[in-house]
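Subject: Structure handover

Hi,

Here is the structure I promised to pass on to you. My notes on what turned up in it follow below.

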Amino acid sequence: MTKYGYVSGWLKDNISKQDDFEHQAKILLNMDIPYDHCFADVFRNKNKERYQLFKFLTTVAQEGDVLVVPTLTCLYSNIRELCCLMYIVEDTGIIIQSSDMDLSDDSDSSNWILASQLAHLDYLDYLHQKCVIKAIKKAKYQSSLNVGGRNKRVITPKYRQAYEYLQSHTYAATQKKFHLSKSTLYRIKRQINNRKQPINTPQSYDASRGDLQ
């Protein structure tokens, strides 16, 4: 029986912004595994292939050997990789030891571990899908507000100046000065007045200036 070690991860985790790989490697080296018996895969960009793990399992591992990892999640990224790992463990007869649980060719314990790890992956997938759905809803909402390239509900400084000017001038004069259509001036006035007045309070109407009722 020979002990080996394996670790994988990002040099800097996208979420925690910490050197996840370095942290895992320090844990592994503290488990008294000889340096030349350690295998490691560093993830870069979107590449999460475990080349060194595959090398160990196919060319080095013998029945009864022990592979030590900081956590079982170092060994897989998705359900397919986990299932493949379970088959390899059963076929080669190696033992995988970690700080959270051990994985061996014992069918009863392996089935339980497989179920628990699958549940873990399923929960992570649920969180990911929830995040995606939230992002889609937010993007859809934003797109509905920005028809024409600008949020029409925003009262810009120009619009506010036009509103102030409209208080003492006609719609025609305001249109000419600010180059705005009459419908836009109606909307600006309605939006500002709705913010100023309580709900269900009638707005003022000036027939001499052509205000809408």
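The arc is taken from the directions that run from the helix axis to the C-beta atoms. By buried I mean under 20% relative accessible area, by exposed over 50%, and by partly exposed anything in between (1.4 Å probe, protein chains only). Helices (H or I, at least four residues) and strands (E, at least two) are DSSP runs, numbered from the N terminus.

Before going further, please note that this is a predicted model, in which local features need pLDDT of at least 70 and side-chain atom pairs count only at pLDDT 80 or more, while totals for chains, interfaces and linings use all residues. Residues are numbered from 1 along each chain as its sequence is written, and side-chain values use heavy atoms, with hydrogens and water left out.

Just after H6 comes His179, with a positive phi of about 60°, a positive value in a residue other than glycine. His179 sits in the loop between H6 and helix H7 (182-196). Is His179 buried or exposed? His179 counts as exposed, because its relative accessible area is 69%.

Tyr159 belongs to helix H5 (residues 157-166). Tyr159 is buried, since its relative accessibility is 9%.

Now for the chain as a whole. The protein chain has 7 helices and 4 strands, running β-α-β-α-β-α-β-α-α-α-α from the N terminus on. It has 213 residues, of which 32% count as buried. Of the contacts (heavy atoms within 4.5 Å) between residues at least 6 apart in sequence, 57% join residues at least 24 apart. The accessible surface is about 14400 Å², with 54% of it belonging to carbon and sulfur atoms; areas come from the Shrake-Rupley method with a 1.4 Å probe, and for residues only the protein chains shown count as cover.

Helix H2 also has a buried side. Leu53, Phe56 and Leu57 are its buried residues. They line one face of the helix, because they fall within an arc of 90° when seen down the axis of H2. These buried residues pack against strand S1 (3-10), strand S2 (38-43), strand S3 (66-68) and H3. Tyr51, Phe54 and Thr59 are exposed residues on the face of H2 turned away from the buried side.

The second largest pocket has about 290 Å³ of space. Helix H2 (51-60) and helix H3 (79-92) are the elements that give two or more residues to its lining, and H3 has the largest share, with 5 residues. Among the lining residues are Leu53, Phe54, Leu57, Cys84 and Ile88. A pocket here is an open set of points on a 1 Å grid over the protein atoms alone, where a 1.4 Å probe fits, with protein on both sides within 12 Å along at least five of seven lines; lining residues have an atom within 4 Å of a point.

Finally, how many disulfides are there? The count is 0, taking a disulfide as a pair of cysteine sulfur atoms within 2.5 Å.

Best wishes

Conventions
Points joined across faces, edges and corners; volume = space filled by probe spheres on them.
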